[in-house]
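This briefing sets out selected features of the protein chain shown below, grouped by topic.

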Amino acid sequence: MPKRKKMTVPAFTAAKGGKPLVCLTAYTAHVAHIVDEQADMILVGDSLGMVIHGMPNTLGVTMEHMIMHGQAVMRGAEKALVVVDMPFGSFEESPEVAFRNAARLIKETGCTAVKLEGGREMAPTIRHLTNRGIPVMAHVGLMPQQMNTAGGFKAVREKDQFDEVVKDAQAVEEAGAFSVVVEGVAVRLANKITKSVGIPTIGIGASVECDGQILVFEDMIGLFPRVPTFVKRYGNMEEMMRDAVERYSSEVRARKFPSDDYTYKMKTD
């Protein structure tokens, strides 16, 4: 197997239409190290609010959360492109505010790029960031940070919505985004978006029509109880962990652990 080079923004963009890009989230150094063995891109997603901190949604995530977890992931990643989400409230106010927060994320974590949600309304902000040296991954379709205005996490499946989402994808590309996450859309729309832009589309609940795929790591390994429709579980880590805790507690209560194999012996002269 040829030695992998470190993924860069230009290399990621150049993968458009080629071998599908493998992307996963990570929030800790150890998970980042594991994911880095296979992934082209690691996203430090604001989904950490839900899967790590037990929040009901992503809206309570702060810059401090993203910086702390971004720093941890950078300690574990070597080859993958690391992108950090801009949390709700950190970029919507103005392009200037967005730049200050994006610059802080990059300076304090060492990541390569940031991701922000929004289509045409965010195009001026994306342009402002990219013109000043900050690579931006965009995000269209279902946007979790807009759950209150959308009335929840609603997939885009109505045909009369398709053109608007395509226009959003085209707008973020024109503004300078190097890639775009396409979340929760019908297969036909995913295909239409992918064909209408010259940057990679990274699907999450958007079918194999996209140029790559991303899942939340905890969803993918079966460690988060709520399973979105689009998630395939490639493991059942929750069951394994429950079994390990049960066996441990049983041995502790029976005074079987720690046995002699797990204790320190007296030193002899």
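Ser207 is found in the loop between strand S7 (201–204) and strand S8 (212–215), where helices (H or I, at least four residues) and strands (E, at least two) are DSSP runs numbered from the N terminus. The model is a predicted one, in which local features need pLDDT of at least 70 and side-chain atom pairs count only at pLDDT 80 or more, while totals for chains, interfaces and linings use all residues. Residues are numbered from 1 along each chain as its sequence is written, and side-chain values use heavy atoms, with hydrogens and water left out.

**Overall architecture**

- The secondary structure of the protein chain comes to eleven helices and eight strands.
- Along the principal axes, the C-alpha atoms of the chain fill a box of roughly 75 × 40 × 40 Å.
- Of the 269 residues, 48% count as buried; buried means under 20% relative accessible area, exposed over 50%, and partly exposed in between (1.4 Å probe, protein chains only).

- Strand S1 (residues 21–25) runs parallel to S2, and three bridges join them; two strands pair if DSSP finds at least two bridges between them.
- Thr25 has Leu43 of S2 as its bridge partner.
- S1, helix H2 (residues 29–36) and S2 make a right-handed β-α-β unit; a crossover is right-handed if, with the strands pointing away from the viewer, the path from the first strand over the helix to the second runs clockwise.
- Strand S2 (residues 41–44) is covered on both faces, with Met41 and Leu43 buried on one side and Ile42 and Val44 buried on the other.
- S2 also pairs with strand S3 (residues 81–85) in the parallel sense, over four bridges, and Leu43 stands opposite Val83 in S3.

- Strand S5 (residues 136–141) is largely enclosed by the rest of the structure, because six of its six residues are buried.
- Strand S4 (residues 113–115) pairs with S5 in the parallel sense over two bridges, and Val114 stands opposite Val136 in S5.
- From S4 the chain crosses through helix H6 (residues 123–130) to S5, in a right-handed β-α-β crossover.
- S5 and strand S6 (residues 179–183) pair in the parallel sense over five bridges, with Glu183 in S6 as the bridge partner of Gly141.

**Cysteines**

- With a disulfide taken as a pair of cysteine sulfur atoms within 2.5 Å, the count comes to zero disulfides.
- Cys111 is in no disulfide, and the nearest cysteine sulfur, that of Cys23, is 15 Å away; Cys111 counts as buried because its relative accessibility is 4%.
- Cys210 is likewise in no disulfide, and the nearest cysteine sulfur, that of Cys23, is 11 Å away; Cys210 counts as buried because its relative accessibility is 8%.

**Backbone geometry**

- Most residues other than glycine have a negative phi, and most peptide bonds are trans.
- Ser207 has a positive phi, near 80°.
- Arg255, in the segment after H11, has a positive phi near 55° and is exposed, with a relative accessible area of 78%.
- The peptide bond from Phe257 to Pro258 is cis, with omega near 0°, and Pro258 is placed in the segment after H11.

**Nonpolar surface patch**

- Tyr248, Val252, Phe257 and Tyr262 make a nonpolar surface patch of about 430 Å², and Tyr248 lies in helix H11 (residues 237–253).
- Patches are made of residues with over 30% relative accessible area and no salt bridge, with like charges joined within 9 Å and nonpolar side chains (Val, Leu, Ile, Met, Phe, Trp, Tyr) within 5 Å.
- A salt bridge is a side-chain nitrogen of Lys or Arg within 4 Å of a carboxyl oxygen of Asp or Glu.
- Accessible areas come from the Shrake-Rupley method with a 1.4 Å probe, and for residues only the protein chains shown count as cover.
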